[in-house]
Amino acid sequence: RTGAANGAAAPDRRRSLELVARELDALGLGDLADEARELAWSPRASSPDEVESLARRAEDAVRGEMAAV
């Protein structure tokens with residue numbers, strides 16, 4: 001979680017968020033994947049707070065998916 005939220009340069013943050021989106025898609029978490037892509041490719045750089053919020057919600061969703069298995 002640290003790379004995308006800790007002030008990484010915008011290109012690195014964008015790549016990281018796109019990778020997160022792909023993984024979320026693979027887990028069937030399309031809404032969060034869409035949000036990650038919006039943050040990744042928005043004309044303005046995403047803020048660390050936005051990335052941190054997405055990371056927390058993604059972690060919670062993944063935990064929920066794993067508990068359901």
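This is a predicted model: local features need pLDDT of at least 70, side-chain atom pairs count only at pLDDT 80 or more; totals for chains, interfaces and linings use all residues.

Residues are numbered from 1 along each chain as its sequence is written, and side-chain values use heavy atoms, with hydrogens and water left out.

**Confidence.** The protein chain averages a pLDDT of 88, with 88% of its residues at 70 or more. I found the lowest mean, 48, in helix H1 (residues 2-5), and the highest, 97, in helix H3 (residues 30-41). Residues 1-6 have pLDDT below 50, and this stretch makes 11 contacts in the model beyond near neighbours in sequence. A contact here is heavy atoms within 4.5 Å.

**Fold.** I counted 4 helices and 0 strands, taken as DSSP runs (helices H or I, at least four residues; strands E, at least two) numbered from the N terminus. Of the 69 residues, 29% are buried, meaning under 20% relative accessible area with a 1.4 Å probe, protein chains only.

**Helix pair.** How do H3 and H4 cross? The axes of H3 and H4 (residues 48-68) come within 11 Å and cross at roughly 160 degrees; they are therefore roughly antiparallel (angles over 145 degrees on a scale from 0 to 180). I noted the residues making this contact: Leu32, Glu35, Ala36 and Leu39 of H3 meet Glu50, Val51, Leu54, Arg57, Ala58 and Ala61 of H4.

Conventions:
pLDDT is the predictor's confidence in each residue, from 0 to 100. Buried means under 20% relative accessible area, exposed over 50%, partly exposed in between (1.4 Å probe, protein chains only). Angles under 35 degrees count as roughly parallel, over 145 as roughly antiparallel, 65 to 115 as roughly perpendicular and the rest as oblique.
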